[in-house]
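Please keep the sequence and the coordinates at hand while reading.

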Amino acid sequence: AIAEADLKLASLPVSKLSFLKGVDPAGARMEGSLGGRVRGKGTLADPGVDAEIVSSDLRLGGRAVGPLRARLSTEGRSVVLKADLKEPAVQLDASLAWAGSRKWAARLAFESVQPLAYLGPGWQEKGVARLSGAGQIQGDLDDPRLLKGEVSLRAVEASTGDFRVANQGNVVLSLKEKTVTIGQASFAGPSTSFNARGRWEIGGAVDAGIEGHADLRLIKVVTGEVEDASGAASFSVSLSGEASSPAVRGSIRGAGGTLRLKSIPQRISSLGGEIHFTPGRVLIESVKGEVGGGTVTIDGSVSLAGLKPAAFAVVARARGVTIRPWGEAAVKANADLALGGAAARPLLSGQVRLLSGRYRERFDWKTKLAEFRRRADRPRAEAGWLGKADLAVRIVGRENLWIDNNVLRAPVVVV
């Protein structure tokens, strides 16, 4: 007997779809609903399905996605899916044999997809990344070992501000025998040229490396802690071993760089030195820079647990550095500091000797009270690693420290 059915989908929230549960990176939640129709006609031995799924209100990471139009139908002994997404521009064709060997295959094409834009505000602030290319994959539901495929990226771009780095030639990723391989990939930009390659056994070992030189502005794409950077550094770094805890080897060398961090008001200039990576450890050798008219030198090591810091043994020496902690306050100081102990709760110890200082900002009670209220109402940001450190720092200074404003003109003694 032949049976027929016609079902309309008015508004199905995507959060109710079981295959999306758990696939939700921080800040990249999928929101919206799906609509469409499902028509069926046939017998149990030879069913026929024709379904159309549409949506115009999807959002990923707070950013609009779509409109989406997909069609799922049966063709003989196979199920065929064709999907078209307008923004980002993605097209998907897939088929599955539901009788016999249960083989499946899929083809994917995408144009100028910006993955960081859909991971939430924290990622969007890092810069812009764009991917264009195509890929295909095939396998057998009864034998996962037959899974294989290839993705060819003809355009890979990363940019922040006026800095841009892009691939030189296609970047090819292949999957065969449960191993993902990235062939030699080359990238270039202003004062930047590097090669990358990699091999990952799914659920097992990794073997990857990157080598070349790069403009320090590229750091802004990697971390949001850097406000501005200039100069260049050469590097050669490799990862090997189990993917869950790979060994890092290599080095980074720089000279004449400039860096401005969001947490430090002064610019760090003439930045140079060497950082070496060995399995389980990072060695810092005479990293030097100029800050506030003085010099800073950092040496030491950081122990690693996988790729995360586990313990610190770092010393810093500052001479003649002028800092401006707030307003028109300026303090010149020498410092000998050490950061040690477990990364979960390190200890910052040492001595800061104040050489001179002036606080010249005019004091107004109404302005200061309003500022205090704004700070009290402001949401507290999560403390970074330094904010979690225990402090054992002695501050000394007996001369040349003054308050000089409309309220008071007097020397200050720190004991």
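The model is a predicted one, and it describes a protein of 415 residues, of which 29% count as buried. Its secondary structure comes to 3 helices and 29 strands, and the count of salt bridges is 18.

**Overall make-up**

- The protein exposes about 25300 Å², and carbon and sulfur atoms supply 57% of that area.

- A salt bridge joins the side chains of Glu 52 and Arg 69, with a distance of 2.5 Å from N to O; Glu 52 belongs to strand S4 (residues 49–55) and Arg 69 to strand S7 (residues 68–75), so that the pair links distant parts of the chain, 17 residues apart.
- Glu 52 has a relative accessible area of 24% and is therefore partly exposed, since buried would require a value under 20%.

- Asp 93 and Arg 107 form a salt bridge in which the closest N and O atoms are 4.0 Å apart; because Asp 93 lies in strand S9 (residues 89–97) and Arg 107 in strand S10 (residues 103–113), the pair ties together parts that are 14 residues apart in sequence.
- Asp 93 is partly exposed, with a relative accessible area of 26%, whereas Arg 107 is exposed, with a relative accessible area of 52%.

**The pair Arg 253 and Glu 274**

- Arg 253 forms a salt bridge with Glu 274, and the closest N and O atoms of the two are 3.4 Å apart; since Arg 253 sits in strand S20 (residues 247–261) and Glu 274 in strand S21 (residues 268–278), this pair ties together parts that are 21 residues apart in sequence.
- Arg 253 counts as partly exposed at 38% relative accessibility, and Glu 274 is likewise partly exposed, with a relative accessible area of 27%.

Conventions. Residues are numbered from 1 along each chain as its sequence is written. This is a predicted model: local features need pLDDT of at least 70, side-chain atom pairs count only at pLDDT 80 or more; totals for chains, interfaces and linings use all residues. Side-chain values use heavy atoms; hydrogens and water are left out. Helices (H or I, at least four residues) and strands (E, at least two) are DSSP runs, numbered from the N terminus. Buried means under 20% relative accessible area, exposed over 50%, partly exposed in between (1.4 Å probe, protein chains only). Accessible areas come from the Shrake-Rupley method with a 1.4 Å probe; for residues, only the protein chains shown count as cover.
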